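Thanks for coming. I will talk through two parts of one model and keep it short. Please have a look at it first.

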Amino acid sequence: MKWNILITGGRVIDPYSGIDGVRDVAITGNKIAEIGENLPQDQADLVIDASDKIVTPGLIDLHVHNYTARGNRPSVDSDSTNMAYGVTTALDAGTATPSEYPHYWESDIQNTKVRLYSLVRMPDPYGPDPSSVGEVSDLITSYDTLLGVKFHHSQHFSSLPLAREAVDFGGGILMCEAYGAPIPQLLDWMNPGDILTHTFHAAFRFPIFDHRGQLWSKIWDAKERGVFLDIGHGARGFAFRTMEQALSQGFKPDTISTDVHVGNIDGPVYDMPTTMSKMLAIGLSLNDVIEMSTQIPARALMQEKELGSLAVGTVADVVISNMDQGSFTYLDVLHEERAAKEKFSPETVIYSGNIYDGDKFQPGEMSHKHDAPPGFILTET
Ligand SMILES: [Zn+2]
């Protein structure tokens with residue numbers, strides 16, 4: 001047979017290739033072999049009927065925590081929380097310190113089915129594990145899976161110049177949390193290709209708006225320079241009202257990510273498709289949402305030629321999804337609600353030409369509701 005898998009009749013949305021229409025997608029081995037209309041079904045070992053479904057590249061989540069072998073919070077299992085929900089490639093956002101990284105690689109990264117890249121957390125210079133800039137940049141150059149450094153909001157600002165230096169020497173990228181320092185000051189340390197995560201956070205400090213409620217000019221400047229403005233939903237990182245205020249000023253995010261971990265997987269984050277559905281609920285188009293979950297994060301990972309698209313010759317990561325219809329209520333970190341009639345819901349996940357048939361994390365009760373950090377408490381109105 002010419003092809004291993006042929007996906008027929010679905011609405012293919014591939015922003016990289018500029019396709020939004022009914023197409024067939026053929027896979028041979030681990031590559032996309034062909035894409036077109038009415039491809040011959042007798043040329044494939046397996047035919048999947050995707051009529052009335054949406055066919056997209058595998059999703060890419062730029063903010064996860066999957067160092068489960070560390071044995072303490074906050075990590076979650078990568079296959080049942082990423083792959084099962086359509087995420088074929090993910091970026092672990094600094095769960096491991098530099099000294100933990102070899103263990104992380106051996107225990108989790110090489111054993112998971114998901115294509116798992118990562119960042120290390122730059123230790124504080126006066127902390128218990130003051131790894132030097134040289135050690136961190138050496139790690140980045142030694143591991144293909146290690147792409148750079150994360151600056152966490154709890155860290156001392158003095159670690160930021162060291163993180164900058166380490167990624168510059170190691171040829172990596174820097175991810176900063178938007179509530180880690182005053183936004184204009186933080187962005188001064190960020191270069192094209194770096195990622196600002198939790199961009200649309202709940203403004204308990206260091207908001208993305210100035211005192212007049214306008215986006216800092218440096219936010220606009222950062223987008224112009226090629227800094228990726230990322231969602232990073234998490235337990236504190238995404239508020240509908242922040243996003244809506246930014247959208248009203250004509251400003252959209254670059255990438256959608258979850259920051260899913262044990263503290264938010266039972267709500268309000270749940271998973272990548274739920275996070276994407278929230279973006280649809282507040283007015284982003286389906287094409288935008290797919291682009292922010294495939295092509296643009298692939299660019300952020302410097303993998304745009306291989307991942308995040310259905311172009312012929314690229315890696316065969318494909319997701320076949322339903323757009324469920326009904327009444328859905330979405331929650332943000334402030335426990336504010338938005339109602340919607342649709343939910344993006346992956347059904348079949350193909351990773352590198354193989355259909356994923358493993359377990360799926362089943363959320364329990366929404367456990368996060370009364371656990372908001374100080375400053376998030378809503379008054380009765
Ligand atoms: Zn995180």
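I start with helix 7, whose buried residues pack against strand 14 (337–351). Before going on: this is a predicted model, in which local features need pLDDT of at least 70, side-chain atom pairs count only at pLDDT 80 or more, and totals for chains, interfaces and linings use all residues. Residues are numbered from 1 along each chain as its sequence is written.

Helices (H or I, at least four residues) and strands (E, at least two) are DSSP runs, numbered from the N terminus. Contact means C-beta atoms, placed from the backbone, within 7 Å. Buried means 20 or more other C-beta atoms within 10 Å of a residue's own; exposed means 12 or fewer, and partly exposed is in between.

In helix 7, residues 240–248, the buried ones are Phe240, Thr242 and Met243. Viewed down the helix axis they fall within an arc of 165 degrees, so they line one face of helix 7. That arc is taken from the directions from the axis to the C-beta atoms. Just after helix 7 comes Gly250, with a positive phi of about 85 degrees.

Now strand 8, residues 115–121. Seven of its seven residues are buried, so strand 8 is largely enclosed by the rest of the structure. On one side these are Arg115, Tyr117, Leu119 and Arg121; on the other, Leu116, Ser118 and Val120.

What does strand 8 pair with? Pairing needs at least two DSSP bridges. Strand 7 (residues 87–96) runs parallel to strand 8 over six bridges, with Leu91 partnered by Tyr117. Strand 9 (residues 146–151) is also parallel to strand 8, joined by four bridges, and there Gly148 stands opposite Leu119.

Methods: Contact = placed C-beta atoms within 7 Å.
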